[in-house]
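Below is a briefing on a structure, grouped by topic. Please read it alongside the sequence and the coordinates.

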Amino acid sequence: MEFVGKKRKNQTLGNVFKITCLSFVAIIQIFPLVWLFDFSLASSNELFTNGLLIIPKKIQWGNYVKAFVDGNFLLYLKNSLLINTLAVIIVLIISIMAAFAITRMSWKLSPVVRNILLLGMMIPIHATILPNYQIYNKLGLTDTIWALLIPYVAFSLPQGVFLTCSFMDSIPRELEEAALIDGCNIYRMLAVIITPLMKSSIATVSIMTFLNNWNEFMMASTYLSSNTWKTLPFSVLEFTGEYSSNYAVQFAVMALTALPAVLIYVLLNKHITKGVAAGAVKG
Amino acid sequence: MQKLYSNKWVILSLVAPGLLTFIFAILAPICLSFYYGLTDFSGLGNATYVGLENYKNLMSDAAFWTALRNSILLAFGFILIQHPLAIITAAILDKLQGKAEGFFRCVYFIPNVISVAIIAYLWKFIYNPNFGLLNNILKIFGYNKEVNWLGSGMAIWSVLVVLIWHGFGWGMLIYYTGIKNIDPVLYEAAAIDGANTRTVFMKITLPLMKPVIQVNVTLAIIAALKQMETVYLLTNGGPGNETQFLANYLYKQAFSSFKYGYGNAISVVFIVICLVITVALNKMFQEKEVK
């Protein structure tokens, strides 16, 4: 009895220690964001304090109104959502098609094509910015949605193909063969039989592609000049110039811009964790 | 059936979109980079062929070597600081049951979903000498000097802290998944043998995590090489070129110094370095596995 009691005591002590360690790391990871949110509610004069956090005399929601309106928040959010969704869909379609040809069909060049498609994973994305700028300029693609869609798809595709190939290997062939015997052609069979079986792969590829491109701004700021297609990071990028002395509003625009991604993450936490884990371990 | 599966036209139509994307968005620009790298193109006007001049200049360019050194520093920062912390945190988290586990996992990952643009500006504020969080924390501990975190000598370390902080959740999550995949029977057996936590961690967890660690280390080294966005917004390579990284340097050369040809030469070298290191790391880890 005494032994069990001692063990239990040790266990609770161990748990307290564990929670303390984890909380310490959590504070380091999350406190800067709490600080950001706190400062975004204050007025600029209150920022020059010696304490860690401010209790604003009056909560300055006006900072957010300014950030929302002058930061073109809605337009940029809409652009981000549209461009990223399109990129995800295109990556999925191309990946499933290519993965099927590579893993299922019999042709000599299959491993070569596979390796070429995967090569993109090794190429640093920023090394293509300079020449792509020239190419898009010559073709009149700068400042259009294509200037973002093409590179976003191209640099998410290798991972998409890789993941889709490894998932496709694990689904049985009987169904598709039955469909083909019934006279279904390959394209239809891919759309109607294979794609529905690939749900978990589709989720993983979508999440990885979305995470890859959602926060991208180097290419966007190089290839775009007008507001038409600018994405969410621009709310922050443009604001810091415009309101360079009004720090509180800058804090607000940063908090506001971070919000959609954090909200989506907290809501879909489980799926995203699973997706990233599957993608990262296999990738 | 076999005929259906080896129809050349069907195969071509299935892989064509992928291959065309690769050719148009990756291969063609690399070829163009190679071409421009041999010229003195400024971005406008005509390009004159200068042979290997750009590459020769690059070899004696101090900023290029600083950029490489910074990548190595960052890689060490990832491998020696971020990853050990991530593994230990993941191991502790794994032992925790119930709601707390999910909560911590969620919190750790949040910085990862926030745009680099926000992260960079946020840390610029944290480092701000006037109202920054870091100096205020130091004041609480009685250190009243205002430190210029992004000033000369200090800047590279401040940049490393941001990058290590930002990527922590990602690394933690991958290690966490790896630890979750370890067969619990092994832990039970160790518990019966009376092994303590430390022994279990050193003798079971770490050895079984070896493949995951190898993948993560490879990814960390490559991420250190490819680093650009955070540095671009936080310091833009400055002061001087102290916090320069290759990607940021080539961008700056092309768009701020109007040495477009030179920038492209750096792009080519950058790609070659990334390819060589990726292949070398894969080879190294594969050979070890065979042994």
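The model is predicted: local features need pLDDT of at least 70 and side-chain atom pairs count only at pLDDT 80 or more, while totals for chains, interfaces and linings use all residues. Residues are numbered from 1 along each chain as its sequence is written, and chains are lettered from A and ligands numbered from 1 in the order in which they are written.

**Listed segments and domains**

- Residues 72-94 of chain B are 100% helix and 0% strand, with the end C-alpha atoms 31 Å apart; helices (H or I, at least four residues) and strands (E, at least two) are DSSP runs, numbered from the N terminus.
- Residues 260-281 of chain B are likewise 100% helix and 0% strand, and their end C-alpha atoms are 31 Å apart.
- Chain A is assigned domain 1 (2-63) and domain 2 (72-242), the bounds coming from an automatic or database domain assignment.
- The centres of domain 1 and domain 2 of chain A, taken over C-alpha atoms, are separated by 38 Å.

**Contact between chains A and B**

- Chain A gives 72 residues to the contact and chain B gives 72 residues, where two residues are in contact if their C-beta atoms, placed from the backbone, lie within 7 Å.
- Helix α1 (residues 2-40) of chain A supplies the largest share of the chain A side, 12 residues.
- That side of chain A divides into 55 nonpolar, 14 polar and three charged residues; Ala, Val, Leu, Ile, Met, Phe, Trp, Tyr, Cys and Pro count as nonpolar, Asp, Glu, Lys and Arg as charged, and the others, Gly among them, as polar.

**Helix packing**

- Helix α12 (residues 247-267) of chain A packs against helix α5 (residues 99-113) of chain B at about 145°, with the axes 9 Å apart; axes are lines fitted to C-alpha atoms, for helices over the stretch in contact, and angles run from 0 to 180 degrees between N-to-C directions.
- α12(A) and α5(B) cross in a right-handed sense; a crossing is right-handed if the near helix is turned clockwise from the far one by less than a right angle, and left-handed if anticlockwise.
- Ala261(A), Val262(A), Tyr265(A) and Val266(A) of α12(A) meet Cys106(B), Ile110(B) and Val113(B) of α5(B), a set of seven nonpolar, no polar and no charged residues.
- Within chain A, helix α7 (residues 174-181) and helix α8 (residues 186-197) pack at about 145° with axes 10 Å apart, and their crossing is right-handed.
- Leu175(A), Glu176(A), Ala179(A) and Leu180(A) of α7(A) contact Met189(A), Ile193(A) and Ile194(A) of α8(A), giving six nonpolar, no polar and one charged.

**Individual residues**

- Ala120(B) lies in helix α6 (residues 116-126) of chain B and is buried because it has 22 C-beta neighbours inside 10 Å; the cut-offs are 20 or more for buried, 12 or fewer for exposed, and partly exposed in between, with C-beta atoms placed from the backbone.
- Leaving aside neighbours within four places in sequence, Ala120(B) contacts Thr230(B), Leu233(B) and Leu234(B).
- Asn72(A), in the loop between α2 (61-70) and α3 (73-103) of chain A, has a positive phi near 50° and is partly exposed, with 18 C-beta neighbours inside 10 Å.
- Phe258(B), in the loop between α13 (246-255) and α14 (260-290) of chain B, has a positive phi near 55° and is partly exposed, with 14 C-beta neighbours inside 10 Å.
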